[in-house]
Amino acid sequence: MHGTDGLWVSSAGSRYIYDLYYEKEAISKKLYEWLLKNNYADATLIAKWKKQGYEKVSAVAHVLGYKVASRC
C-alpha cells in the first residue's frame, strides 16, 4: 500500500460508515459508536463531514483534482 492509499482507504471506509449512520440510518448508534471506538472509521474526519458546507468544498476540490479526504 502506498502512502496516500492508506488515507484513501480510511477515508472511504469512514465515508461508508458515515453514510450508513447519518444518511441511510441503516446502523444503530451503538454499532456506530463501536465502529468509531475500534478505529473502523475516523471520528475526526466524520466530524468535518458533518459541518455545513463541507460538500461544496469537497466537490470543488474533486473537480480541480485535489485529494482532500484527510483535509476536509
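The dialogue below moves from the overall fold to individual residues.

Guide: This is a predicted model, in which local features need pLDDT of at least 70 and side-chain atom pairs count only at pLDDT 80 or more, while totals for chains, interfaces and linings use all residues. Residues are numbered from 1 along each chain as its sequence is written, and side-chain values use heavy atoms, with hydrogens and water left out.

Visitor: How many helices and strands are there in the chain?

Guide: Helices (H or I, at least four residues) and strands (E, at least two) are taken as DSSP runs and numbered from the N terminus. The chain has 4 helices and 0 strands, so that the order of elements from the N terminus reads α-α-α-α.

Visitor: What share of the residues counts as buried?

Guide: A residue is buried under 20% relative accessible area, exposed over 50%, and partly exposed in between (1.4 Å probe, protein chains only). Here 26% of the 72 residues count as buried. The chain exposes about 5,600 Å², of which carbon and sulfur atoms supply 57%; such areas come from the Shrake-Rupley method with a 1.4 Å probe, and for residues only the protein chains shown count as cover.

Visitor: Which residues does Ser-14 touch, beyond those up to four places away in sequence?

Guide: Contact means heavy atoms within 4.5 Å. Ser-14, in helix α1 (residues 3-23), touches Ala-41, Asp-42, Leu-45, Ile-46 and Trp-49 under that exclusion. Ser-14 counts as buried because its relative accessibility is 0%. For the chain as a whole, residues 24 or more positions apart account for 45% of the contacts with a separation of 6 or more.

Visitor: Which residues of α3 are buried, and where do they lie around the helix axis?

Guide: The general idea is that an α-helix has 3.6 residues a turn, so residues three or four places apart point the same way. In α3, the buried residues are Leu-45, Ile-46 and Trp-49. Viewed down the axis of α3, they fall within an arc of 100° and therefore line one face of the helix; the arc is that of the directions from the helix axis to the C-beta atoms.

Visitor: What is found at the start of α3?

Guide: There, a side-chain oxygen of Asp-42 comes to within 3.0 Å of the backbone nitrogen of Thr-44.

Visitor: How many aromatic pairs does the structure hold?

Guide: Rings of Phe, Tyr and Trp (its six-membered ring) pair if their centres lie within 6.5 Å; planes under 30 degrees apart count as stacked, over 60 as edge-to-face and the rest as tilted. The structure holds 6 such pairs. One of them, Tyr-18 with Trp-49, is edge-to-face, at 5.8 Å centre to centre and 70° between the planes. This pair links distant parts of the chain, since Tyr-18 belongs to helix α1 and Trp-49 to helix α3 (residues 43-50), 31 residues apart. Tyr-18 counts as buried because its relative accessibility is 6%, and Trp-49 is buried at 3%.

Another edge-to-face pair joins Tyr-22 and Tyr-32, at 5.5 Å centre to centre and 85° between the planes. It connects helix α1, which holds Tyr-22, with helix α2 (residues 29-37), which holds Tyr-32. Tyr-22 is partly exposed at 30% relative accessibility, whereas Tyr-32 is buried at 7%. Ring pairs link Tyr-18, Tyr-21, Tyr-22, Tyr-32 and Trp-49 into a cluster.

Visitor: What else joins Tyr-22 and Tyr-32?

Guide: A polar contact is a pair of N or O atoms within 3.5 Å; within protein, one must be able to donate a hydrogen and the other to accept it, and residues adjacent in sequence count only if both atoms are side-chain atoms. The side chains of Tyr-22 and Tyr-32 form one of 3.5 Å. Their C-alpha atoms are 9.8 Å apart in space.

Visitor: Which residue lies over the face of Trp-49?

Guide: A charge sits over a ring if NZ of Lys or CZ of Arg is within 6 Å of the ring centre and within 35 degrees of the ring normal. Arg-15 lies over the face of Trp-49, at 5.0 Å from the ring centre.

Visitor: What is the phi of Glu-25, and what is that of Asn-39?

Guide: Most residues other than glycine have a negative phi. Glu-25, in the loop between α1 and α2, has a positive phi near 50°. Asn-39, in the loop between α2 and α3, has a positive phi of about 60°. Glu-25 counts as exposed at 66% relative accessibility, and Asn-39 counts as exposed at 67%.
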